[in-house]
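Here is a short briefing for a reader who is meeting this structure for the first time.

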Amino acid sequence: MNPVADERVRARRLLDAQGRAEQLFDEIERRAMIRPGVGERELSDEIQELAADMLGVTQHWHRRIVRAGENTLQPFSERPPDRVIADGDIVFLGLGPVFAEWEADFGRTFVLSDDPHKTALRDALPRVWEAGREYFAHRPDVTGAELFDFVVGVTHAEGFQFGSSIAGHLVGEFPHRKIAGPGVQWYIMPGSDKPMRRADPRGRRCHWILEVHLVDPARGFGGFHEQLLDLP
């Protein structure tokens, strides 16, 4: 297969993987699985079972993230104690299912009440994400560090703090971590000073996930939103 055709196939498969992840989230919401009285770990197990039954998912490229209440302040790298979801909580999910060896990475936030502060944060998440995507789209040579700084600036303009040390990462064929290896250049973060539009070590186009973690420390909660950055 020639390189152009190969890249079209890669893009299509990544988009297909994301589409399936969206279907999973839609079904989670349709079934009202995010509910008071269920523990984060219990809900994670229920989601794993649903993903297997509904979409044939047998592996996730990173551990499933289910965070509720004050645990939503914690970034991916932390492992807060299991928490039972309470009435009125804010909850976010960050899932990385693998579909036919192609990685998806998808995150969304849900509010189990009409609390105006929680709904304001939830509604700000996609705005910050879209602003980051627009910034990336109009700067051919943008670096991961530059995009990170921009997203943090938009976060502050929305009245929140940014809750993570990164704003995204490389994504691709499973396991992309073996393709790229360690190093800040594969993340959207300070110190990532290479242009994001470049090839990976195998000579293939880099594809990226943009992730936004907003937090309101004074009120004790946060939210999360992530999906493919560079593919429509």
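In this predicted model, the second largest pocket has a volume of about 300 Å³. Its lining is made up of 13 residues, and those closest to the centre of the pocket are Arg41, Arg63, Arg64, Val66 and Pro80.

**The second largest pocket**

- The elements that contribute two or more residues to the lining of this pocket are α2 and β1, the latter spanning residues 65-68.
- Sorted by class, the lining of the second largest pocket holds eight charged residues, together with four nonpolar ones and one polar one.

- When the whole structure is searched, two cavities of 30 Å³ or more are found, and the second largest cavity contains about 30 Å³ of space.
- The residues that line the second largest cavity are Leu14, Gln18, Glu103, Ala104, Asp105, Val171, Ile209 and Leu228.
- Five of the residues in the lining of the second largest cavity are nonpolar, while two are charged and one is polar.

**Helices α1 and α2**

- Two packed helices are described by the angle between their axes and by the distance between those axes.
- Helix α1, which covers residues 3-30, packs against helix α2, which covers residues 40-55, at an angle of about 120°, and their axes lie 11 Å apart.
- The two helices α1 and α2 are therefore oblique to each other, and the crossing in which α1 passes α2 is right-handed.
- On the side of α1 the contact is made by Arg20, Gln23, Leu24, Glu27 and Ile28, and on the side of α2 by Ile47, Leu50, Ala51, Met54 and Leu55.
- Seven nonpolar residues take part in the contact of α1 with α2, along with two charged residues and one polar residue.

**Helices α3 and α4**

- Helix α3, formed by residues 116-137, and helix α4, formed by residues 144-157, have axes that come within 9 Å and cross at roughly 145°.
- The crossing in which α3 passes α4 is right-handed.
- Here α3 supplies Val128, Ala131, Gly132, Tyr135 and Phe136 to the contact, whereas α4 supplies Glu146, Leu147, Phe150, Val151, Val154 and Thr155.
- The residues in the contact of α3 with α4 comprise eight that are nonpolar, two that are polar and one that is charged.

Note on methods
Residues are numbered from 1 along each chain as its sequence is written. This is a predicted model: local features need pLDDT of at least 70, side-chain atom pairs count only at pLDDT 80 or more; totals for chains, interfaces and linings use all residues. Side-chain values use heavy atoms; hydrogens and water are left out. Axes are lines fitted to C-alpha atoms, for helices over the stretch in contact, and angles run from 0 to 180 degrees between N-to-C directions. Helices (H or I, at least four residues) and strands (E, at least two) are DSSP runs, numbered from the N terminus. Angles under 35 degrees count as roughly parallel, over 145 as roughly antiparallel, 65 to 115 as roughly perpendicular and the rest as oblique. A crossing is left-handed if the near helix is turned anticlockwise from the far one by less than a right angle, and right-handed if clockwise. Contact means heavy atoms within 4.5 Å. Ala, Val, Leu, Ile, Met, Phe, Trp, Tyr, Cys and Pro count as nonpolar, Asp, Glu, Lys and Arg as charged, and the others, Gly among them, as polar. On a 1 Å grid over the protein atoms alone, a cavity is a set of points where a 1.4 Å probe fits but cannot get out, and a pocket is an open set with protein on both sides within 12 Å along at least five of seven lines; lining residues have an atom within 4 Å of a point. Grid points are joined across faces, edges and corners, and a volume is the space filled by probe spheres set on the points.
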